[in-house]
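Please read the points below alongside the sequence and the model.

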Amino acid sequence: MIIAIVPAHNEEKTIRNVVSDVAKYVDKTVVIDDGSTDETFQKAINRKTIVLRHVINLGQGAALQTGFDYAKKIKADIVVTYDADGQFVASDIPAVIKPILTGKTDVVLGSRFLGRAINISWTRRIILKLGVMFTYLFTNIRLTDTHNGFRALNQKALIVLDLEHNRWPHATEIIFQLKLHRLRILEIPVTVRYLKHLGQSAAVELDTANIDAIKIPFDLTTRALLKK
Amino acid sequence: MTTSQLLLGSLIIFIIYRTARAYKNKTLSASFIIIWLIFWLVGLILVIQQDWVVRLANWIGIGRGVDLVIYLSLILLYYFVYLILIRLQKIEDNITKIVREQTLKGGSGR
């Protein structure tokens, strides 16, 4: 069974289209409504979708882990993680899943820098490149795009992943844990669209995302140091 | 007695008074009260006997007694911040656990 996990926080403008697009390529779509205060929960519900709800906003990492736990429970064979803001193109899903189906790899990471990053701002590009450098320092794995929510995992990877970081650093943590368990990772080109009509590219939201990204090294380091 | 000694001494006596009241109202644990009182009593003695601080500072290799007090205070403050961060992290982890468990028990649209 192939399932898609879609973490969503206040994505009422895009969630309906996202789940109906994704549903064409997977057996089941699981939306994790991460404490949204808008209509995301109601709009995500359809025949092929399961909607799980966090009563408060915990962050994308926490929503993903809830999705992973659910996927383990229903014994999913392949999990695709997919953002709810409409940035991705659902028709990329078959290409992302294929290397897992053929046994070539355990995990596929989507890369907008191997594929296309439409309308990406220069600030975002720089921040993402810094993220790539930081992830390399932290994990010693050379990748082209580390903070891309488009991924596919097989059951082996699903079982070992146990995310502790609720917010942005989870992307680096995923790579770190995959490396720790010696899982095979492959990057595949995907398209990421930064389009205004998707309701995602208001300057303020991007600024917030950039500030959050800058906090990643701090959050990763403090948790590592404070861990008992 | 200098004015600074008088001011600092009064402040410490006020803190000791508040601590004693907290003990009477049973809002603090006995072990915490003991450590807290020892800490402030030592502080009070050092405020009155400033020569001791100067001698200790010189012995360690710091020029002035007040510098030693500032360095020690900073170390203590960093330690307290560290303890608070650990506690915050634990609280966040627990909240996540509770929310996740509740979510997985009671999802909708199935």
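1. A:Asn140 counts as exposed because its relative accessibility is 54%, where exposed means over 50% relative accessible area, buried under 20% and partly exposed in between (1.4 Å probe, protein chains only). A:Asn140 sits in the loop between H5 and E6 of chain A, helices (H or I, at least four residues) and strands (E, at least two) being DSSP runs numbered from the N terminus. The phi of A:Asn140 is near 65°, a positive value in a residue other than glycine. Most residues other than glycine have a negative phi.

2. This is a predicted model, in which local features need pLDDT of at least 70 and side-chain atom pairs count only at pLDDT 80 or more, while totals for chains, interfaces and linings use all residues. Residues are numbered from 1 along each chain as its sequence is written, chains are lettered from A and ligands numbered from 1 in the order in which they are written, and side-chain values use heavy atoms, with hydrogens and water left out.

3. Which secondary structure does chain A have? Eight helices and seven strands. Of the 228 residues in chain A, 56% are buried. Among the contacts in chain A with a separation of 6 or more, 73% are between residues 24 or more positions apart, a contact meaning heavy atoms within 4.5 Å.

4. A second residue with positive phi is A:Lys75, for which the angle is near 55° in a residue other than glycine. A:Lys75 belongs to the loop between helix H3 (60–73) and strand E4 (78–81) of chain A, and it counts as exposed because its relative accessibility is 61%.

5. A:Ile74 is in the loop between H3 and E4 of chain A, but at 22% relative accessibility it counts as partly exposed. Neighbours within four places in sequence left aside, A:Ile74 has contacts with A:Met1, A:Ile3 and A:Lys28. From A:Ile74 to A:Ala152 there are 78 residues in sequence and 17 Å in space, C-alpha to C-alpha.

6. Is A:Asn148 buried or exposed? A:Asn148 counts as buried because its relative accessibility is 2%, and its place is in the loop between helix H5 (122–139) and strand E6 (151–154) of chain A. Its side chain reaches the backbone oxygen of A:Gly110 at 3.1 Å. Beyond neighbours within four places in sequence, the contacts of A:Asn148 include A:Phe88, A:Arg112 and A:Val190.

7. A:Asn148 is also one of the residues that line the largest cavity, and A:Gly110, A:Asp145 and A:Arg151 are among the others. A cavity is a set of points on a 1 Å grid over the protein atoms alone where a 1.4 Å probe fits but cannot get out, and lining residues have an atom within 4 Å of a point. The largest cavity holds about 30 Å³ of space, and its lining has three nonpolar, three polar and two charged residues.

8. In chain B, helix H1 (3–24), helix H2 (30–48), helix H3 (50–60) and helix H4 (65–105) each supply at least two residues of the lining of the second largest pocket, a pocket being an open set with protein on both sides within 12 Å along at least five of seven lines. The second largest pocket has a volume of about 990 Å³, and H4(B) gives the most to its lining, with 10 residues. By class, that lining has 22 nonpolar, four polar and no charged residues.

Technical notes. A polar contact is a pair of N or O atoms within 3.5 Å; within protein, one must be able to donate a hydrogen and the other to accept it, and residues adjacent in sequence count only if both atoms are side-chain atoms. Grid points are joined across faces, edges and corners, and a volume is the space filled by probe spheres set on the points. Ala, Val, Leu, Ile, Met, Phe, Trp, Tyr, Cys and Pro count as nonpolar, Asp, Glu, Lys and Arg as charged, and the others, Gly among them, as polar.
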